[in-house]
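Hello,

Here is the structure I promised to pass on. Please open it next to this email; my notes follow.

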Amino acid sequence: MSIFVDKNNKVLVQGATGHQGVFHIGEMLNFGTKVVAGVTPGKAGEEVHSVPVFDNVKAAVEETGADTSLILVPARFAKDAVFEALDTTIKTVVVITENIPFHDAMEFVHYAKYKNAILIGPNCPGIASPGKTKIGILPGNIFKVGNVGVASRSGTLTYEIVNSLTEKGIGQSTCVGLGGDPIIGTTFIDALDAFEKDKETKSIVLVGEIGGTAEEDAAEYITEHISKPVFAFIAGRTAPSGKRMGHAGAIIARGKGTAESKIKAFDKADVKLAKFPTDIADLVEKFG
Amino acid sequence: MKLYEYQGKELFEKYKIPVPKGKLVKNDDDFSGLHFPFVLKAQVPIGGRGKAGGIKIVENLNDAKEKLLHIMGMDIKGFIVRKVLAEEKVDTKKELYLSISLDRTKRMPLIMISGQGGMDIESVADELIFKEWINPLIGLQPFHIRELFSKLKLDKAEGKEFSKIISNIYKLFRNYDCELVEINPLIIRADGGLMALDSKVIINDDAMYRHSDIIPEHVELTSLEKDAKEKGISFIQLDGNIGVIANGAGLTMATLDALTHYNGKGGVFLDLGGTDDPEKVKQAFELMKKAKPKVIFLNLFGGITKCDTVAKGVKAVIEKEGIDCPVITRIKGMNESAAKDILKDAGLITGTTLQDAAEKSSSLAR
């Protein structure tokens, strides 16, 4: 098992023929992902690494039975693309695109809920389950099959942490990038709940950062519902108030979203906190 | 992007929310059409300007000249006043509060109203603030407003006017991609009727492309930050002396944290993102040089981005442009050893781990 996705997901890529699309379709195929279709309006009949390209999602789903969409289209077209996917039988949508206006995200997140679909992102690296599938832009070479579940608000920092786990011989069940935006579809709580139910996951790593109260909410949920050991790293302990630290969601505003508050909440929930990103691997080795 | 008070009020007028009559003034020629006494208000993107002396009531022409001269150019918490709004003075019977913000947890717009206007909403007791969340799929409905008003007692005429303002503010919030619209205080005038005495409007940066009527001044950014924004580089100035360049926002933040652990202090946050484009790397280093850090700390993790490609870009910049401060690097991931060789060759100091490199950077910056 794994969470949210497995080897059976049939993936279509919206924004398949751009530079990113072509590169990552290749990377995903190498990882073993079932990429069945690409969608780019006006490019029907073309192929990307032998994957057929369609004009619209509906046609691609009808032809290939795709049940998952990876969104790589530019921010201005992202809302339209996500709605187009959700309006078919697609049940999982992974939104990589950065800089989507959050009013757009707000709308498609609620529409996904209404459609009972899983929406991961936006502004995320995607999701990978080693040995099974990778839907997104995470580097394929850092993973190893194993029992640690990882959920994170950032990209590169997560690769660093996963890489240090793998270097110690500790593998991962699923690694999900939740996204660095203020509005995201899948939260720490959704991931915690899924990891708790997943038989392959023995321990859980959360990579959080300043901004919002997702970590505080997660800590509360851990106390009440999670029996597996949880480890965490929080980025932005020294970030000043009022400055947006790269991610649209990473901002301390009106006294809310400080690292201290998150660290305090995790401490209270008996979550073991790492000082440096690579310390996570040591903690998991010792206590996981 | 934060708007100035006067820009926010221009939007309020567009959405039929009453505001005091006023205009921007540069010198006494601009006072024509204003009736004494009126109010001069410094335009700065930060609260607390009243206490800092940035708001003054003026009684006559001489008084106005003198006080305008005093306010213009004033430093309010690091922001130099370049714009002053002159406004009619309005007598207040009662001060209310109204805002629409984004609730990240519920992922919905949150409307807040209170009968305790005029002060910082954070200092108002929770039971005196009335809240309503709006699911964006249904939008603001009359029942939301009825629920809000069931708790805040207003007379019939005022209630009617207030509900019109709420629905117009909600339209403004949605149409202009706002992060925040706040009216504090929203007053009931001594002679009746509601009026927005202040405005706080923040528009989502990512949506600015569809609001070409708003001139993007980025009042809250430093000039280097503005320059970076135009180049599409994520660059933030902080108050330390170590310039951090890393790839990914989370990793850049974690790098700043590591410096603090060794008593170092970050002066610049520069996120290269997923790029290994030599031109972008060059622009990043140029910006960093202008910020004049004592030490530069380059921290890279190569996933999809190849470390050696970035290293080549860095080497090219340093050889061509020169760099007058030590550069400490820490490289991990795809093609790491090739990258280390290139950087050593360029005369940079390489650390073995994040901790090692952070310690080196911090001690060199002292």
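Predicted model: local features only at pLDDT ≥ 70, side-chain atom pairs only at ≥ 80, totals over all residues.

B:P37 sits in the loop that runs between β1 (22-25) and β2 (38-42) of chain B.

The bond from A:G121 to A:P122 is cis, with omega near 5 degrees. A:P122 is in the loop between β7 (118-120) and β8 (126-129) of chain A.

Next, backbone angles. A:N116 is not a glycine, yet its phi is positive, near 55 degrees. A:N116 belongs to the loop between α4 and β7 of chain A. Is A:N116 buried or exposed? A:N116 counts as exposed, because it has 7 C-beta neighbours inside 10 Å, and the cut-off for exposed is 12 or fewer.

In chain B, look at B:D177. Phi of B:D177 is near 50 degrees, again a positive value in a residue other than glycine. The loop between α4 (156-175) and β10 (178-189) of chain B holds B:D177. B:D177 counts as buried, because 20 C-beta neighbours lie inside 10 Å; buried requires 20 or more.

Now the domains. Chain B is divided into domain 1 (21-88), domain 2 (92-210) and domain 3 (223-365). The centres of domain 1 and domain 2 of chain B, taken over C-alpha atoms, are 27 Å apart.

Then there is a sheet in chain B. It is open and has 6 strands, in the order β13-β15-β14-β16-β17-β18. The pairing is mixed. Which strands stand at the edges? They are β13 (234-237) and β18 (349-350) of chain B. Each has a single partner strand, so one side of each is left without a neighbour in the sheet.

Inside this sheet, β14 (residues 242-246) and β15 (residues 266-271) of chain B pair in the parallel sense, over 5 bridges.

Helix α8 (residues 307-321) and helix α9 (residues 336-345) of chain B pack at an angle of about 10 degrees, with their axes 7 Å apart. Angles under 35 degrees count as roughly parallel, and α8(B) and α9(B) are therefore roughly parallel to each other. On the α8(B) side, the contact is made by B:C307, B:D308, B:A311, B:K312, B:V314 and B:K315. They meet B:E336, B:A338, B:A339, B:I342, B:L343 and B:D345 in α9(B). The contact residues of this pair divide into 7 nonpolar, no polar and 5 charged.

Last, the chain contact. It takes 49 residues from chain A and 41 residues from chain B. On the side of chain A that touches chain B, α4 (102-114), α5 (156-167) and β12 (203-209) of chain A each supply at least two residues. Which element gives the largest share of that side? It is α4(A), with 8 residues. The residues on this side of chain A divide into 24 nonpolar, 16 polar and 9 charged.

Best wishes

Conventions
Residues numbered from 1 in each chain as written. Chains lettered and ligands numbered in written order. Axes fitted to C-alpha atoms, helices over the stretch in contact; angles between N-to-C directions. Helix = DSSP H or I, 4+ residues; strand = E, 2+ residues; numbered from the N terminus. Parallel < 35°, antiparallel > 145°, perpendicular 65-115°, else oblique. Contact = placed C-beta atoms within 7 Å. Nonpolar A, V, L, I, M, F, W, Y, C, P; charged D, E, K, R; others polar. Domains from an automatic or database assignment. Pairing = 2+ DSSP bridges.
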